[in-house]
Amino acid sequence: MNERPPLYGLLAEFGDPTELVAAVRRAREAGYTRLDAFTPFPVEGLAEELGCERSRLPLLVFAGAVLGAAVGYGLQYWTSVVAYPWNVGGRPFHSWPAFVPVTFELTVLFAALFAVLGMLALNGLPRPYHPVFRVPRFALATRDRFFLLVEAADPLFHPEETRRFLERLVPRTVSEVEP
Amino acid sequence: MRREEGRPPVIEPGHTFATVTDKIAAVVLAQKTSRGWWLGFGLSFLLLLLFLYAVGFLFLRGTGIWGVNVPVAWGFAIVNFVWWIGIGHAGTLISAILLLLRQPWRTSINRFAEAMTLFAVACAGLYPILHLGRPWLFYWLFPYPNTMGLWPQFRSPLVWDVFAVSTYATVSFLFWYVGLLPDLATIRDRSRGPVRARIYGVLAMGWRGSAAHWQRYETAYLLLAGLSTPLVVSVHTVVSFDFAVGLVPGWHATIFPPYFVAGAIFSGFAMVLTLAIPLRAAYGLEDFVTMRHLDAMARVMLATGLVVAYGYGSEIFTAWYGGNIYEEAMVSNRFFGPYAPVYWALLACNVVAPQALWFARVRASVPALFVLALVVNVGMWLERFVIVVTSLHRDFLPSSWGMYVPTFWDWATFVGSIGLFLSLLFLFIRFLPMISMFEMRALLPEAEVRETAG
């Protein structure tokens, strides 16, 4: 069957984080792999339950910090020693203690920019449209409701069986997500 | 966050995810703007106009309209710069250091404290630029390839300042915006009317609270906090270097970096209290900004005030113990010289008045805290005045002594910048959630995942 599945997935709505975590656990045990959960605040351990790998963000931020330090020190060394050497009160051209503050500031600046832009990039944001936004009740995901999404791309996905499976988890509602 | 035993709650009981969200979002989502907001914004905007007028005249005539001259070439502009940037520090401290220390009480106040930081840094950043004789050439301070083949002098603390303040402004903005992201999504989902939903939708960047996103988000937020913590200390340290690296008596003290940082936190917490007390009354946020918050901030104010007092003592002691006649002359000039009333007023505001905070009854009284916060704000401004002006007006040679008298334009720029700060703050509380909603939800008891059998 090569035709495009008519659904993006099924979305089950829960009332509190405990129910959601239990549902995620059951879905994983049932063998579903293409899952996502949406919560109004970070729920501890939820990403691990979903099988998300630990993010590479810290490594990226470290790279940013190293780059910032190199740029900061390199800039000062190059301008003060090579491009525009200027004798100030007989101080050496390469007066490294004076270069520490700017190097430090640029280290922090680059690391912070890498942290934020890296977080957005790894999350695939900005993303103006996502199929789940079509579900009217999904607006509650940023208020007080907890959602579990089973994507249609999941090998086990079957429109009726997956719906029955989700309904056994006693959610408040199960909605179809159109692509 | 861990729940604490036997301490007053950081949120009054009886709230759910929905009530917390709706109560905070209501201020932003309200169709009608309250009369009090218009009154406050109108008054602030008038002051902002005064600022623009003063700055316009400055551009027209030059810094001669201010009272600055040789020997006091650093007047109100530098006093205000240090004062404003100090005020900014509490915001970063609350959001970064208290986050790392897992202090749950930070949550209700961090958002507007961060906004306060941003706006205070904006006011601060303007002053060194206005203070340049030709402000439109301020970009010469940045290293950029130019036809003159010139580069900034990286051995100068004034260039360090450029990097410190611009980094601080950028990182504070990032921290604030990242913190806002999930709340912007909430406002997007709760707005009625397509225009508003679209504007907040663009700002929220398509945030939908996915678990994988939250994981990276929390990592990024924690890393930003870790980066901001040394940054906030470094910024005021660099500001203190502007003085301490100079050889002027009264500026050349090794106590300056820590004492400036403590002073910044002192004035910053005073400003947070000054803003939080009227805001919680006006918007009925007593459930979220509880007496426990006010008490905690008062304690921080007391502690940093004591560090500042130690700094004053250390300056006097070093002048006497060091046996340097110029330092001794500087101290006796502060005590008995022409600016002595300012110095004594500063001691009264910053050293004597905060001692009242030792008493639990004072910390439990909202009006008393408000008055004390205002007194500390004034006192910290006087401190910067004493450091800048009394040290410059009499240096080594009596022949080069002089006096500094602020002019109308000095005052207009100072008062006007308060207008800029308050105008931005009023816009912020009307258009953005002033308390972090997603973090408040996470503080509620039902946010914890209970282990269920099976």
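**The A–B interface and its salt bridges**

Author: Between chain A and chain B, the count of salt bridges is 0. Keep in mind that this is a predicted model. Polar contacts tell another story: 18 residue pairs meet that rule across the interface of chain A and chain B, both residues at pLDDT 80 or more.

The most comes from α4(A), with 18 residues. By class, the side of chain A that touches chain B holds 47 nonpolar, 10 polar and 12 charged residues.

Now the extent. In all, 69 residues of chain A are in contact with 58 residues of chain B. The two chains bury about 5500 Å² between them, and carbon and sulfur atoms give 69% of that area. On the chain A side, Glu105(A), Thr142(A) and Arg143(A) lose the most area to chain B, together 13% of what that side buries.

So where are the salt bridges? Over all chains, the search finds 11. One of them pairs Asp183(B) with Arg111(B), their closest N and O atoms 3.2 Å apart. Asp183(B) sits in helix α5 (residues 157–190) of chain B and Arg111(B) in helix α4 (residues 107–131) of chain B, so this pair ties together parts 72 residues apart in sequence. Both Asp183(B) and Arg111(B) are buried.

Another is Glu315(B) with Arg334(B), at 3.3 Å between the closest N and O atoms. Here helix α9 (residues 291–322) of chain B, which holds Glu315(B), is linked to helix α10 (residues 325–336) of chain B, which holds Arg334(B); the two residues are 19 apart. Glu315(B) and Arg334(B) are both buried.

Arg384(B) and Glu383(B) also join their side chains in a salt bridge, 3.8 Å from N to O. Arg384(B) has a relative accessible area of 2%, so it counts as buried. Glu383(B) is buried too, at 3%.

Chain A has a network. Salt bridges with shared partners join Glu13(A), Arg137(A), Arg143(A), Asp144(A) and Arg145(A).

Last, confidence. The model scores ipTM 0.87 and pTM 0.87. Chain B averages a pLDDT of 86, with 97% of the residues at 70 or above. Within chain B, the lowest mean is 79, in helix α1 (residues 17–29), and the highest is 93, in helix α11 (residues 340–352).

Definitions and conventions. Residues are numbered from 1 along each chain as its sequence is written. Chains are lettered from A and ligands numbered from 1 in the order in which they are written. Side-chain values use heavy atoms; hydrogens and water are left out. Contact means heavy atoms within 4.5 Å. Buried area is the accessible area (1.4 Å probe) that two parts lose on being put together, summed over both. A salt bridge is a side-chain nitrogen of Lys or Arg within 4 Å of a carboxyl oxygen of Asp or Glu. A polar contact is a pair of N or O atoms within 3.5 Å; within protein, one must be able to donate a hydrogen and the other to accept it, and residues adjacent in sequence count only if both atoms are side-chain atoms. Helices (H or I, at least four residues) and strands (E, at least two) are DSSP runs, numbered from the N terminus. Ala, Val, Leu, Ile, Met, Phe, Trp, Tyr, Cys and Pro count as nonpolar, Asp, Glu, Lys and Arg as charged, and the others, Gly among them, as polar. pLDDT is the predictor's confidence in each residue, from 0 to 100. Buried means under 20% relative accessible area, exposed over 50%, partly exposed in between (1.4 Å probe, protein chains only).
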